[in-house]
2 protein chains.
Amino acid sequence: MLGETGPGRVRHVKGATIRDVARRARVSHQTVSRVINGRESVTAETRDRVVRAIRELEYVPSAVARSLSSQRTHTLGMVTTDVSDHFFAEAVAGAEAEARKRGYFLIIGSIEEGSEDDERTYLRLMLERRVEGLIVAVPRLRLAEDDLLADAVARIPTVLVASDIDLAGADHVDIDNRRGGHEATAYLAAQNHRFIATITGPLDWPSARARLDGYRDALRDAGISADRSLVEPCVDWGLDSGRRAAERLLESAPRLTAIFAQSDLLALGAIAALRGRGMRVPEDVSVVGFDDIPVSSVFDPPLTTVRQPMREVGELAARLIGDRASSPRKTKGARHMLRAPLVIRGSVARLDGSARR
Amino acid sequence: MLGETGPGRVRHVKGATIRDVARRARVSHQTVSRVINGRESVTAETRDRVVRAIRELEYVPSAVARSLSSQRTHTLGMVTTDVSDHFFAEAVAGAEAEARKRGYFLIIGSIEEGSEDDERTYLRLMLERRVEGLIVAVPRLRLAEDDLLADAVARIPTVLVASDIDLAGADHVDIDNRRGGHEATAYLAAQNHRFIATITGPLDWPSARARLDGYRDALRDAGISADRSLVEPCVDWGLDSGRRAAERLLESAPRLTAIFAQSDLLALGAIAALRGRGMRVPEDVSVVGFDDIPVSSVFDPPLTTVRQPMREVGELAARLIGDRASSPRKTKGARHMLRAPLVIRGSVARLDGSARR
DNA sequence: GGGCCGGATGTGACCGGTAACATAGCCCTA
DNA sequence: TAGGGCTATGTTACCGGTCACATCCGGCCC
């Protein structure tokens with residue numbers, strides 16, 4: 001099996017092309033193309049010859065050449081916040097599954113916290129690769145006034161995930177965070193809690209603000225007046241932040257009987273801090289989280305939390321793109337909200353009227 | 001801005017090509033190419049004209065055409081088990097970061113549990129896309145005798161992650177699971193435990209078998225004879241499996257004083273089951289996990305566990321590919337083992353000699 | 001038996017870049 | 001002042017497929 005690459009040129013294992021196969025099977029390259037694409041109108045006998053030649057030459061068709069010629073890449077791009085965050089990993093998994101079901105490949109760009117203009121770079125690279133759709137799951141997106149994103153939207157179907165940027169032409173997919181925050185808080189109020197604190201995520205995340213809005217809505221609905229000292233924002237969504245926030249709350253609002261934490265990790269951190277102060281959960285302080293990460297159910301106590309269906313978010317995003325691609329372009333983007341249901345477990349206690357502090 | 005696409009052909013928003021830009025800037029397309037690629041030897045004035053034309057036409061170079069012509073795709077492929085598994089998501093994140101640092105894009109194929117011949121499909125698709133390197137992180141890979149994988153290895157730099165398939169020419173990256181299992185078990189033995197049970201992952205995972213080997217090694221080293229009733233395999237790595245396994249163990253081996261669970265979730269499930277039986281951790285039974293997932297540290301008790309540096313695994317895999325690609329091809333693949341260190345927290349109690357049951 | 005039809009196959013252009021080489025000025029030196 | 005060498009730019013082929021259309025051939029109809 002000597003390389004017939006011609007003199008000089010050494011090229012690693014010069015792959016066979018459609019024409020090499022054609023020559024070997026003594027047909028035209030077009031006939032090979034027909035066989036590859038399973039078109040009718042090829043004699044069984046010819047087909048056999050071609051198939052054999054393909055096998056003998058270990059021919060693998062080039063998706064690159066095919067894309068150039070057919071103007072289709074069958075590729076979706078997804079730009080996300082760091083995939084090592086469980087939350088986004090789920091969304092990627094969902095999008096990937098749905099994309100593949102529809103015959104698309106997913107290329108991802110995962111943005112590390114702290115790096116500069118990465119979303120711009122990724123957007124540009126994906127446009128260059130001629131992705132046929134774009135999923136942007138970067139909550140803190142700073143691209144609002146950016147031409148680049150608008151440009152992308154103008155060229156290809158684009159879905160913004162968990163973003164509050166309002167870009168005509170783009171679809172939006174998000175969790176109904178406001179409602180989720182409302183449900184969590186209303187549930188605490190229904191258990192007779194009146195001093196309900198909240199530990200929020202970073203307030204430059206739209207989801208954090210929406211959950212906070214939901215929290216406030218619920219307090220108002222329950223006739224509880226808002227108290228600024230009961231709201232404790234964090235710089236990130238992690239355990240340590242939750243721990244520290246709980247400690248600050250215990251200083252500033254010692255009368256609290258319940259905490260709505262905007263993530264499960266914040267909640268778990270808060271619980272750890274409460275325990276550190278000798279308080280019991282839920283007997284002394286009730287806690288509700290947000291996310292429903294896998295361990296929430298085995299935690300002690302099992303965490304009552306709001307479940308985010310991130311996988312479905314990813315799936316929906318990919319599906320919307322698929323629909324856009326196949327059907328005539330709708331003019332305006334829609335905003336799709338997925339409900340985040342409250343999962344009641346054991347971290348909330350009912351306060352009987354007399355027991356209010 | 002009327003489309004100059006020619007009569008008939010409507011084509012959505014026909015993108016400008018290098019030749020369109022050339023025409024507008026009154027230069028040859030080659031000069032445009034030079035400008036795009038930042039080559040010297042273009043007059044500042046010419047460059048300006050070209051840059052302006054690019055902007056006016058909203059020209060975005062086509063990576064597809066470039067790839068076809070230059071025979072480089074700057075793309076790495078990664079086939080993994082479902083990325084919604086935190087473990088693999090970390091590896092993907094690491095690989096992605098490292099790849100991009102080296103100018104590569106990552107396309108991923110995430111294999112859902114239960115689907116049929118997906119790894120074959122993905123491999124084929126990635127080969128078609130002419131990825132310049134391949135990371136295969138599918139522990140349960142059934143491709144041992146498969147021509148397809150061997151084919152891939154022959155064509156492009158390939159790294160197998162956490163696989164025990166021995167494929168000459170491929171690099172291997174893995175956690176040193178045997179040593180990790182040894183450390184966990186040895187630590188328990190050093191705390192005077194003698195009846196040390198283990199809850200394993202599915203034994204068709206090489207990592208599960210290696211950890212089990214490490215467990216046995218450690219028992220032997222400590223002069224403890226093996227007891228089959230102390231080994232409890234599970235069908236998956238999840239919480240429920242851990243819970244059920246612990247319950248079975250309590251039946252079959254009531255004298256156990258310690259459990260080495262092969263994943264943190266298994267460990268947490270086991271702890272939940274133990275508590276359900278009224279036993280305390282670590283006072284009655286000590287538990288060690290494996291993984292060090294984010295919540296392990298706040299669990300009650302904080303979980304002593306073996307930390308898996310999955311992110312680094314991904315990074316290393318991408319780096320190896322980068323090295324292979326740039327340096328002359330080494331003949332044989334190497335096996336790289338990353339150490340998984342024991343993280344001591346609070347879920348193990350020291351048994352004093354008299355207290356042995 | 002000529003013409004038409006339709007299936008099987010071949011031909012040449014084209015997709016949008018890059019590479020190699022050609023060419024045209026220009027400056028410098030002998 | 002001719003020739004060498006360098007810079008700026010243009011020309012043409014090529015990467016490996018797909019597409020549109022041409023061609024060939026056997027069967028069928030009148």
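Me: A helix, as the word is used here, is a DSSP run of H or I covering at least four residues. With that settled, what separates Glu315(A) and Arg311(A) in helix α12 of chain A?

Reply: This is a predicted model, so its values are computed from predicted coordinates. Helix α12 of chain A spans residues 310-326, and Glu315(A) and Arg311(A) sit 4 residues apart in it, which means that about one helical turn lies between them.

Me: Why is the pairing of Glu315(A) and Arg311(A) called a salt bridge?

Reply: Side chains of opposite charge can pair when their charged atoms come close. The N to O distance between Glu315(A) and Arg311(A) is 3.9 Å. The cut-off is 4 Å, from a Lys or Arg side-chain nitrogen to an Asp or Glu carboxyl oxygen, so this pair qualifies. Over all chains, the structure holds 50 salt bridges.

Me: Which partner does Glu128(A) have in a salt bridge?

Reply: Glu128(A) pairs with Arg66(B), with 3.9 Å between the closest N and O atoms. That value is again within 4 Å, so the name salt bridge applies here too. Between chain A and chain B the count is 4 salt bridges. There are also 20 residue pairs in polar contact between these chains, both residues being at pLDDT 80 or more.

Me: Which elements of chain A each supply at least two residues of the side that touches chain B?

Reply: Among them are α4 (63-70), β2 (105-111), α6 (118-128) and α10 (239-252), along with α5 (86-101). The largest share comes from α5(A), with 8 residues. Sorted by class, this side of chain A has 28 nonpolar, 12 polar and 19 charged residues.

Me: How much area do chain A and chain B bury between them?

Reply: About 5,000 Å², with 58% of it on carbon and sulfur atoms. Phe105(A), Arg129(A) and Val298(A) supply 14% of what chain A buries against chain B, more than any other three residues.

Me: How do you know through which surface the copies meet?

Reply: Compare the residues on each side. The contact takes 59 residues from chain A and 59 residues from chain B. Of the interface residues of chain A, 100% are also interface residues in chain B, so the two copies meet through the same surface.

Me: Into which domains is chain A divided?

Reply: Domain 1 is 18-61, domain 2 is 74-174 + 310-338, and domain 3 is 177-308 + 342-355. Between the C-alpha centres of domain 1 and domain 3 of chain A there are 65 Å.

Me: What makes the backbone at Glu58(A) worth a look?

Reply: Glu58(A) is not a glycine, yet its phi is positive, about 50°. Glu58(A) lies in the loop between α3 (44-57) and α4 of chain A.

Terms used:
Residues are numbered from 1 along each chain as its sequence is written. Chains are lettered from A and ligands numbered from 1 in the order in which they are written. This is a predicted model: local features need pLDDT of at least 70, side-chain atom pairs count only at pLDDT 80 or more; totals for chains, interfaces and linings use all residues. Side-chain values use heavy atoms; hydrogens and water are left out. Domain bounds come from an automatic or database domain assignment. Contact means heavy atoms within 4.5 Å. Buried area is the accessible area (1.4 Å probe) that two parts lose on being put together, summed over both. A polar contact is a pair of N or O atoms within 3.5 Å; within protein, one must be able to donate a hydrogen and the other to accept it, and residues adjacent in sequence count only if both atoms are side-chain atoms. Ala, Val, Leu, Ile, Met, Phe, Trp, Tyr, Cys and Pro count as nonpolar, Asp, Glu, Lys and Arg as charged, and the others, Gly among them, as polar.
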